[in-house]
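These are my notebook entries on one structure. I set down what I looked up, entry by entry.

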Amino acid sequence: MQFLQLTVGLSGVVLNWIKSFLSDRNHQITYNGQLSAMLDVLVGVPQGSVLGPMLYIQYTADLAPVVAKHSLSMHQYADDCQVYMNMLVAAPKLQSISSQHA
């Protein structure tokens, strides 16, 4: 929540509303007719929620500059983020690392 307060500038009632939306949640499943134990959900946004896309965008907003700083590439779609490296760039780095540990 500190991220939403410091980076996005949320405070007061709005911040408290989002905190209550994301906290004190639990999860339980049924498998083969058996009910699992109730477990606390410590991270994430409720699937299918209206706030999910907005919170994901805010949470990943600072990722692109970090990825670029390390000469990596990034692809984002919906609620997924993939960070990858071009193998033409990676191969010499990997060779250097492997020769150091040989």
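**Entry 1: Leu42**

Is Leu42 buried or exposed? I looked up its relative accessible area, which is 76%. The cut-off for exposed is over 50%, so Leu42 counts as exposed. I note that the model is predicted. Leu42 belongs to the loop between β4 and α3. I then looked up how Leu42 stands to Thr60: they are 18 residues apart in sequence, and their C-alpha atoms are 18 Å apart in space.

**Entry 2: Ser49**

I stayed with the loop between β4 (39-41) and α3, where Ser49 is also found. Ser49 has a relative accessible area of 16% and is buried. I asked which backbone atom its side chain reaches. The side chain of Ser49 reaches the backbone oxygen of Pro46, at 3.0 Å.

**Entry 3: Helix α3 and Thr60**

Which residues of α3 are buried? I found Gly52, Leu55, Tyr56 and Thr60. They cover an arc of only 120 degrees around the axis, so they are on the same side of α3. I recalled the general rule for such a pattern: an α-helix has 3.6 residues a turn, so residues three or four places apart point the same way.

I next asked what covers the buried residues of α3. The cover includes the helices α1, α2 and α4, together with β5 and β6 (80-84).

Thr60 is in helix α3, and its relative accessible area of 12% makes it buried. The side chain of Thr60 is joined to that of Gln76 by a polar contact of 3.2 Å.

**Entry 4: Helix α2**

I turned to helix α2, residues 12-22, and listed its buried residues: Leu15, Ile18 and Leu22. Why do I say that they line one face of the helix? Seen down the axis of α2, the buried residues fall within an arc of 65 degrees, and therefore they line one face. On the other side of α2, I found Val13 and Trp17 exposed.

The buried residues of α2 are covered by parts that include α1 (2-8), β1 (25-27) and α3 (52-60). I recorded what comes after the helix too: α2 is followed by Asp24, which has a positive phi, near 55 degrees.

**Entry 5: Positive phi in two loops**

I looked up Asn32, which is not a glycine and yet has a positive phi of about 50 degrees. Asn32 lies in the loop between β2 (30-31) and β3 (34-35). With a relative accessibility of 66%, Asn32 counts as exposed.

I then looked up Ser71, which is not a glycine either; its phi is positive, about 55 degrees. Where is Ser71 found? I located Ser71 in the loop between α4 (63-69) and β5 (73-77).

**Entry 6: A nonpolar patch**

My last search concerned the surface. Which residues make the nonpolar surface patch of about 300 Å²? I found that Met87, Leu94 and Ile97 make this patch.

Methods:
Residues are numbered from 1 along each chain as its sequence is written. This is a predicted model: local features need pLDDT of at least 70, side-chain atom pairs count only at pLDDT 80 or more; totals for chains, interfaces and linings use all residues. Side-chain values use heavy atoms; hydrogens and water are left out. Buried means under 20% relative accessible area, exposed over 50%, partly exposed in between (1.4 Å probe, protein chains only). Helices (H or I, at least four residues) and strands (E, at least two) are DSSP runs, numbered from the N terminus. The arc is that of the directions from the helix axis to the C-beta atoms. Contact means heavy atoms within 4.5 Å. Patches are made of residues with over 30% relative accessible area and no salt bridge: like charges are joined within 9 Å, nonpolar side chains (Val, Leu, Ile, Met, Phe, Trp, Tyr) within 5 Å. Accessible areas come from the Shrake-Rupley method with a 1.4 Å probe; for residues, only the protein chains shown count as cover. A salt bridge is a side-chain nitrogen of Lys or Arg within 4 Å of a carboxyl oxygen of Asp or Glu. A polar contact is a pair of N or O atoms within 3.5 Å; within protein, one must be able to donate a hydrogen and the other to accept it, and residues adjacent in sequence count only if both atoms are side-chain atoms.
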